[in-house]
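Subject: Structure handover

Hello,

Here is the structure I said I would pass on. Please look through it first; my notes on what was found follow below.

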Amino acid sequence: MNILVSPNPHIHSKWSTRSLMTDVVIALLPAAICSVVFYGWREALVLAVSVLSCVGFEWLITRCLMKQRSTICDMSAVVTGLLLGMNLPFTTPWWMVMIGALVAIGIAKMTFGGLGQNVFNPALVGRVFLLVSFPAVMTTWVGPVHFADAFTGSTPLSSVNEAILNGTPVTEITSQYSYGSMLLANLGGSAGEICALALLLGFVYLCVRKVIKPWITLSIFATVALTSLIFWGIDSARFTDPAFNLLSGGLILGACFMATDYVTSPMSTLGGIIFGVGIGFLTMMIRYFGSYPEGVSFAILIMNAFVPLLNRWCKQKKFGRA
Amino acid sequence: MNTIWTTIAIISLIGLVLALVLYLVAEKFKVVEDPRIDEVEKVMPGANCGGCGFAGCRAFAEAAVKAPNLDNNFCPVGGNDTMAKVAAILGYEVKEKAPMVAVVRCNGSCANRPTVNTYGGFASCRVKATLYSGDTACAFGCLGCGDCVAACQFGALSMDPETGLPVVDETKCTACGACTKACPKALIELRAKGPRGMRVWVDCRNKDKGPAAKKACAAACIGCGICAKTCRHEAITVADNIAYIDPDKCKLCRECIAMCPTGAIHESGFPKPLDKEATKARILERQKKEREEAAAKAAVISSEVEKSKPQEEK
Amino acid sequence: MRKPTFSIGGVHPHDSKISRECRIEPMPLPDSAFLAVSQHIGAPAKPLVAVGDKVKVGQPIAEPGGFVSAYIHASVSGTVKSIAPRADLAGNPVMTIEIAREGDEWMEGIDQSDTLVTDIPDDNKALLEKIKLGGIVGLGGATFPTHVKLSPPPGSKCERLIINGCECEPYLTSDFRVLLEKGEQVIVGAAILKQVLGGVPCTVAIEENKPEAIAHINEVIAKLQKLSPKFNGIEVMTMKMRYPQGGEKQLIDAVMHRQVGSGALPISVGAVVQNVGTALAVYDMVQKNKPLIDNTVTVTGECFPHQANLLVRVGTPLRSILEHLGGIPEEAVKVISGGPMMGKAVANLDAATLKGTGALLLLTEKQTARKEEGPCIRCGKCAEACPMGLEPFLLQKLSRNGDVEALEANAAQDCIECGCCLYSCPANIPLLDIIRLGKADAMKAIRDRAAKK
């Protein structure tokens, strides 16, 4: 008998890169389904184009440019595609989605060396690229088709942003939205912003499956709540209240799925908390004082750049060492 | 117009001040170095391989400049040419060294050495060696994961997919010795290239006793000592069940190759292939003659002794 | 109440204790016993016999070759056939004494009966000497000579004896069966060890997945405490199930909440840890005069038809054990000496058991084959799993680059090679394989520096 010899350990856990990525896709499904239900076939088209073109570009780059074995089987391109699609308004034309996918996979991921090497979250880079290149399309939102009078208008956050710029009290805007409706189905916004509850469901699934730890997400929520509480307390006419900030925009999607991306987040718990606090604080600063209505994407990308430093500074305590 | 002049004046002034600062700092932190270090470094191969025992070519140059002579400093990559240049710069004498080449001392190819188990861990000889003896019954042979190939900076080593053993490209090998250090079984030896590249060596390091070694590998040195008996130049010694050919004493007659029962002795660089049968027959003939001569001599001596004995008795 | 466990890292592999119901049975005596002279950590033992000598069971055949070394005893009676290098489990030649068995004749003075002897002699020095003469080594895996561990260096004081019954490795059940079937002997052995260490309190640490053993040992302790005050101060601690709880440093952390420093010995925090099997061996030697000539070996694996816990004489060839239980099944590809996390894969089935061989585990291709290595996704699961608080992802990179200085700064030398990092890596990066090399380099650098001073 030709026996097998290898170093210990001789068994392996159930985890694999593919299973972890598949879990993220499963966690994103409720929100994706919700958005398709609310927005209809055009949303489905955006998601499908985004996922297919992300996977397709990765296949092309690995096979034709790098002449390597394709890495699409690890499911990471599917996750990127799904996240990118959920970050775009359903009115985005298909060719624009493809440009976003090319930037996400081609520039943000593969130029750095592929999975595990990228500094910035690929889906966010793709989204921000579209945001600064085609601001008109990216910030005009159309209300859900299922509502009686589908309206072309703005998201709660961009209305607030306008109000601040015009000097009108924000309470006039925020009073239009009830928190219950925001939790279940936000009025206007990209797919990922439509149903906070579905997103939170996915987040709980990831935590239960031990795919991610909740610290980064919770610290973002806590910081956003605390920062807005302070500002709101100072001047409730100029600044929006904590609940509005937690529920509006892409905060939940960003905090649950983008900030917790393995590759672009710190590894230690302490590093994760600092990372989360940074994102929360920057988000609120951009929302309150920036010219863009939404700050989560920028905040995450800025904090992504600090991850190598956080990994170096925040190490867990070693056994038996002071 | 005035603004332009003021601007030019201010920028020039800033430039001057900064230049002064730079100059002062450069003066203050000036490192005085022997200019010969730079000169020596220029003639070095620049591979920074560490084959000389120093961290790189510059470290070698520094050490060479400091040393009283060049006896302990030798660049194996540049060889005698480079060392002659270094010696010329430093005004030292340099002893010519015979050019060396890496030689793999294992012939346990897939055909010669059947595997008895399969390795399933990280493909590294060092990892494998710390875990167990290897996937054949020979505990001394090549592990086949190519640590030596990875260690070679000059692309002189490659794994032969057919035999599973590393092959040295003589034209590229600089004898830096990185592979000898990388091999956990110490199978690679730096040997003198030999006259016109001709050399003979024992291609095995199995210290097991003959039958065990033979069972593990068809081409193993079984320590039988026939080669040592055959050699007329006392170049071959057998220790720990393994023969070794001293390259300094070897006269490249190749008689040992003809006589080795397992084919463990290898040659390289000879223009004509060895006619093993003819050589063997010639050696056996010679040995027979020697034995006969010795027997005749012994007979003469004993007869002389016998002759002398009765005389004494008388 | 939360059950105690160690504070950093750890993993939860399925415990797979499929041989837990198998009673300990004696293995038929082998035709020949092969006793290697290095079966323990430290210097190899020096043979006391010559080829052709007749030996009896329990007769010392090799004496310690240094301070940290141990006696080796004949495990079968017969004639010494050879003293020569022989391939060990890993295929490397090791000096081995081969005894061709003739009958089963024991040395005089060895009590082979089952009667429990609970009276413990008072002379601690004599006890320690006896433990040394018994050739007893730690049976938890490291095989460190027990008498050395029981003689704390001057200036250090033992505060607690921990009897390690965690058996945190999946599949292994030998310690569990010993606790269940020979609980009295183990506790008497623990009392002897405790007395030698100066009457310190003693904790028997057992993981929660062995409730029968916990209940039984509690009963045994209560029963023995009625007999003699020497059994006071022994208690059972139920540990949370977690790997590597049975690691010495982890167990001390779990029981005493003290962390042994880098490169330090357990005694530096006042702890001595002994395995259940070791306590039993101490009982056998001190009370019954029987040196360490056999041990309990779990033979198991899902693919194996006859799970068993066998009492095997030291030096029995592995092949004969497997053949006794019906041979190696077709689908088994790997034989492991020890558990699946830290055990060593056997390269040579003709090798014989050692004192420290606690299990033979057979795994199938599906269970054990390594999967293809992918890129690191920086998930941090390895760092989360490392019980020493190290960063395996970083160490493996440094190790690949050969950066010894950085390896040392990042505590590569603290690695206990438990395998948690590789077990949990989703990208199947051979972390431990590579880190082990870096650890060796870092330890060498430290040793070289110490030698220079």
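Among contacts in chain A between residues at least 6 apart in sequence, those that join residues at least 24 apart make up 73%. Bear in mind that this is a predicted model. Chain A has 322 residues, of which 54% count as buried. Its secondary structure consists of 17 helices and three strands.

Next, the contacts between chains.

Chain A meets chain C through 30 residues of chain A and 48 residues of chain C. On the chain A side, the elements that give two or more residues are β1 (3-5) and α1 (17-39). Of these, β1(A) gives the most, with three residues. By class, this side of chain A holds 14 nonpolar, eleven polar and five charged residues.

Chain B also touches chain C, and that contact takes twelve residues from chain B and twelve residues from chain C. On the chain B side the largest share comes from helix α5 (residues 125-131) of chain B, which supplies four residues. The chain B side divides into five nonpolar residues, six polar and one charged.

Within chain C, one pair of helices is worth a look when you open the model. Helix α3 (residues 174-181) of chain C packs against helix α5 (residues 211-227) of chain C at an angle of about 35°, and their axes are 8 Å apart. The crossing of α3(C) and α5(C) is left-handed. Which residues meet there? From α3(C) they are Phe176(C), Leu179(C) and Leu180(C), and from α5(C) they are Glu212(C), Ala213(C), His216(C) and Ile217(C). The contact of α3(C) with α5(C) has five nonpolar residues, one polar and one charged.

Ile217(C), part of that helix contact, also turns up in the largest nonpolar core. This core has 157 residues, and the members that touch the most others are Ile187(C), Ala190(C), Ile217(C) and Val282(C). What does Val282(C) touch, leaving out residues up to four places away in sequence? Its contacts are Ile131(C), Ile136(C), Gly189(C), Ile192(C) and Leu193(C). There is also a second, separate core, with 78 residues, including Val78(A), Val125(A), Leu301(A) and Leu310(A).

Regards

Technical notes:
Residues numbered from 1 in each chain as written. Chains lettered and ligands numbered in written order. Predicted model: local features only at pLDDT ≥ 70, side-chain atom pairs only at ≥ 80, totals over all residues. Contact = placed C-beta atoms within 7 Å. Nonpolar A, V, L, I, M, F, W, Y, C, P; charged D, E, K, R; others polar. Axes fitted to C-alpha atoms, helices over the stretch in contact; angles between N-to-C directions. Left-handed = near helix turned anticlockwise from the far one by under 90°. Buried ≥ 20, exposed ≤ 12 C-beta atoms within 10 Å, placed from the backbone. Core = buried A, V, L, I, M, F, W, Y, C linked by C-beta atoms within 7 Å.
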